[in-house]
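I opened this entry to keep track of what I looked up, element by element. The notes are in the order in which I checked things.

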Amino acid sequence: MQAEDINTLIAKALLDEKLVPADELQQMLLRAQESGHRLDRYFALSGILPEEKLMGAVARAAEVMLVSGLDSFELSIEDFDPQTAAFFADAGICPVRLEKDTLILAVNDPFDQALMEMLGFHLGQTVRPVAAARSLISEALLRYFTPVEDGAILLDEDDHLAQLAQQGPVVAFVQDTVSGAVARGASDIHIETLERGMQVRQRIDGFLSDLPVDPSISATAVITRLKVLAELNISERRLPQDGRFRLRLQGRNIDFRMSTLPTQFGESVVLRILDQSRAPKGLDDLGMSPEIVEQVKKLIAQPNGLFLVTGPTGSGKTTTLYAALQRLNQRRVKVFSVEDPIEYSIAGVNQVQVNAATGLSFAKALRAILRQDPDIVMIGEIRDAETAQIACRAALVGRLVLSTLHTNTPAEAKTRLLDLGVPSYMIDATLRGVLGQNLVPVLCNTCFGKGCKECGSVGFSGRHLTVELDTAS
């Protein structure tokens, strides 16, 4: 059955049970389609309805029985071979009982007929689904279908963590969370371990907003799943780790940069969403005025010198540098960048990733790059004296150097370079221009700052780029 047909059935069930007004349901159908989710998954992610009511509508739409409790069983893990028991855990399916020759299975998606047919073939018997909430299934699997000492399977800590990460509800929760955040245009996803449970938030237009959390899924399981995706050490929870992974979502490849940090009750994880399709193609796409764009183009067209972009964290400085590189990246010049981390890949640019673990700092990478006969060098950030001085020397001897600097205004750039030990004469000889920028929140057109569903209750929707350009006299 196609997703559109399933959506129609679920929508009718929601209306029949008077759970959602007809006018609101039509809007939600459109949003679900835009996000790439089926209607019930969109509802689950958005937290619009309690899980039990949503599952009631799904069960009615699929014409199956709804199970409201899974607290007693006629079956256990010993009734199945290890591979089948492991599959149940991975797929988030809980065997309930045998009725003659028919195996009753509690599932969260009773529309998945292909899964039922595959299971029936594998088990050699008829299977019949009943609908149950994810939280109920997850709890039952842990309680009744986890290998224990009396069984044949014993797990060490790493094996246990790996098994947690592969459980169907955990895999689905991670997939739904990241997919939903991408669909909404979030820049980051924050997962924090609390004393009881976890908190999941997304950052959109600079503001954090809560995402729904399945109380039956632990923060450890979710974080372990993400570590597996990023190929990090799943047993290391006392030291920070960094990694990357890529997922195919909504028809395109999305890169995620992952950072973990030990905290009081567990670990904190931040996923930076790097969507290549959202990367600016050029300076004209950033939202600057045509006059400023033309001035910036003239500054970076010079064969040498230093061009800086300043502004607070999250103001889009690196995005501006990427747009500049897109313009400068031509076959007649050799272009390098040194970044921490590399956020977007640019064909034709030799991008170098800083690696503190191996001793490859900005300064060390920059010194090596200058021996590679570059024409243009982009430095992700000038953050120490050695990098600042090498950058200015490179600009002084015929290279065009682009970089960011953490100051709030362009006027503070020279002072910051002086603080980093760059001589005044070298700054005057190399600094071509400083672009200061910031992203200012725009009031939501629906609520005008009061907070509503459209803006995630923050009162703002979108951001406006403000810029200020200082050029060398």
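The entries below go from the whole chain to its sheet, its core, and then single residues.

**Whole chain**

I note at the outset that this is a predicted model. I counted 16 helices and 16 strands in the protein chain. Along the principal axes, the C-alpha atoms fill a box of roughly 90 × 55 × 40 Å. Of the 473 residues, 47% count as buried. I then looked at contacts with a sequence separation of 6 or more, and 60% of these are between residues 24 or more positions apart.

**The seven-stranded sheet**

In what order do the strands of the open sheet run? I read β12-β11-β13-β14-β10-β15-β16, seven strands with mixed pairing. The edges are β12 (350–353) and β16 (460–471); each has a single partner strand, so one side of each has no neighbour in the sheet. From one strand to the next the twist averages 15°.

Gly 436 belongs to strand β15 (residues 431–443). Its relative accessible area is 7%, so I list Gly 436 as buried. Leaving out residues up to four places away in sequence, Gly 436 touches Thr 310, Pro 410, Thr 466, Val 467 and Glu 468. One of these, Pro 410, is 26 residues away along the chain, and its C-alpha atom is 5.1 Å from that of Gly 436.

**The largest nonpolar core**

Which residues have the most contacts inside the largest nonpolar core? They are Ile 191, Leu 226, Phe 256 and Leu 271, in a core of 32 residues. At least two core residues come from each of α8 (157–166), α9 (168–183), β4 (188–193), β5 (198–204), α10, β7 (241–249), β8 (252–263) and β9 (266–275).

I listed the neighbours of Ile 191 beyond four places in sequence. They are Met 198, Gln 199, Val 200, Val 222, Ile 223, Leu 226, Glu 267, Ser 268 and Val 269.

A hairpin through two residues joins β8 to β9, and Met 258 stands opposite Leu 271 in β9.

Thr 224 lies in helix α10 (residues 219–230). Is Thr 224 buried or exposed? I count it as buried, because its relative accessibility is 3%. The side chain of Thr 224 reaches the backbone oxygen of Thr 220 at 2.6 Å. Its contacts, apart from neighbours within four places in sequence, are Leu 161, Ala 165 and Ile 234.

I looked up Thr 319 as well, in helix α12 (residues 317–328). Thr 319 is partly exposed, because its relative accessibility is 32%.

**Cysteines**

How many disulfides does the whole structure hold? My search found zero. A disulfide is a covalent bond between the sulfur atoms of two cysteines. For Cys 452 the closest cysteine sulfur is that of Cys 447, at 3.8 Å, which is too far for a bond; the cut-off is 2.5 Å. Cys 452 is buried, because its relative accessible area is 17%, where buried means under 20%. I also checked Cys 392, which counts as buried because its relative accessibility is 0%.

Notes
Residues numbered from 1 in each chain as written. Predicted model: local features only at pLDDT ≥ 70, side-chain atom pairs only at ≥ 80, totals over all residues. Heavy atoms only, no water. Helix = DSSP H or I, 4+ residues; strand = E, 2+ residues; numbered from the N terminus. Buried < 20%, exposed > 50% of the residue type's maximum accessible area, 1.4 Å probe, protein only. Polar contact = N/O pair within 3.5 Å; in protein donor to acceptor, adjacent residues only side chain to side chain. Contact = heavy atoms within 4.5 Å. Pairing = 2+ DSSP bridges. Axes fitted to C-alpha atoms, helices over the stretch in contact; angles between N-to-C directions. Core = buried A, V, L, I, M, F, W, Y, C linked by side-chain atoms within 4.5 Å.
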